[in-house]
Amino acid sequence: MTSRGDPLVHCPPDNTELTVTDLTRMLREEHAKTDAELIEASRQEPDRFTEIFDRYYAEIHRYVDRRLGADAADDIASETFLVAFRKRAGFDADQGLARSWLYGIATRLVSRHRRNEVRRYRALARIGGDPAIEGHEDRVAARVTAAGVGARLGTALADLSRGDRDVLLLVALADLTYPEVAQALGVKYGTVCSRLSRARKQISAALGGADPSTQIDREGA
């Protein structure tokens, strides 16, 4: 994962948040304009919103899958776009890309299944690296325990507060920048920094000082 500075000490300036090349950033900016235009156009021509769905469904589904598993991901990813469609009139075009807006909706929907998510992390802690156990939790465990930290990581993730876990996983799984996480969750930039710092300290302590950003498998289940 690309380094974003050391949030255990301080929150880096915005210009350290960039994780793409200049060319990719330029393409993103153009894409952002198109997102805003499509959403605005969809207010009069609803079918235009299908282009937003086509652009982002796969990554939203992947994010939910990594948090709740494939079965829940199908329903929640679809619901994310239904909610977005219904609320498209409230989309802030100044945000540019619809990406953080959609991740925010998905994260709020995931919160309805918070107990299931915590249960999965507890299962990860119990399972450890046992290859005989099959299922979504075990695919996660197999990847994480390759670094020898599966059980401890599962326990640490389960013990995080809802807000801290959301911030950590939006950064680690969705690869959102800190400003994008702030937009997604509707919180201040400084709040993202403090939550991420707290989450990383807690997980780092559980992992014996290891950097949690290198232990959470971004390729998911």
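The accessible surface of the protein comes to about 10,900 Å², and 49% of that area belongs to carbon and sulfur atoms; the areas follow the Shrake-Rupley method with a 1.4 Å probe, and for residues only the protein chains shown count as cover. The model is a predicted one, in which local features need pLDDT of at least 70 and side-chain atom pairs count only at pLDDT 80 or more, while totals for chains, interfaces and linings use all residues. Residues are numbered from 1 along each chain as its sequence is written, and side-chain values use heavy atoms, with hydrogens and water left out.

Confidence is expressed as pLDDT, the predictor's score for each residue from 0 to 100. The protein averages a pLDDT of 78, with 67% of the residues scoring at least 70. Over residues 5-9 the pLDDT is below 50, and this stretch has eight contacts in the model beyond near neighbours in sequence, a contact meaning heavy atoms within 4.5 Å. The pLDDT is also below 50 over residues 129-149, a stretch with 32 contacts beyond near neighbours in sequence.

The protein has 10 helices and zero strands, where helices (H or I, at least four residues) and strands (E, at least two) are DSSP runs numbered from the N terminus. Of the 221 residues, 47% are buried, that is, under 20% relative accessible area, as against exposed at over 50% and partly exposed in between (1.4 Å probe, protein chains only). Among contacts between residues at least 6 apart in sequence, 68% join residues at least 24 apart.

Val-64, in helix α2 (residues 50-68), is buried, with a relative accessible area of 0%. Leaving aside residues up to four places away in sequence, Val-64 touches Gly-69, Ala-72, Ala-73, Ile-76, Ala-106 and Val-110. Val-64 and Ala-174 are 110 residues apart in sequence, yet their C-alpha atoms are 9.6 Å apart in space.

Aromatic rings give another view of how segments meet. A search of the whole structure finds seven aromatic pairs, counting rings of Phe, Tyr and Trp (its six-membered ring) whose centres lie within 6.5 Å, with planes under 30 degrees apart called stacked, over 60 edge-to-face and the rest tilted. The rings of Phe-49 and Phe-85 have centres 5.5 Å apart and planes at 70°, so this pair is edge-to-face. Because Phe-49 lies in the loop between α1 (22-42) and α2 and Phe-85 in helix α3 (residues 70-86), the pair ties together parts that are 36 residues apart in sequence. Phe-49 counts as buried at 5% relative accessibility, whereas Phe-85 is partly exposed at 28%. The rings of Phe-53 and Phe-81, with centres 5.0 Å apart and planes at 70°, are likewise edge-to-face, and this pair links helix α2 to helix α3 across 28 residues of sequence. Ring pairs join Phe-53, Tyr-57 and Phe-81 into a cluster.

The buried residues of α9 are Tyr-178, Glu-180, Val-181, Ala-182 and Ala-184, and α9 is followed by Gly-186, whose phi is positive, near 70°. Helix α10 (residues 189-206) has 18 residues and should span 26 Å at 1.5 Å a residue, which agrees with the 26 Å between its end C-alpha atoms; the expected span is 1.5 Å times one less than the number of residues. Buried residues of α10 include Val-192, Leu-196 and Ile-203.
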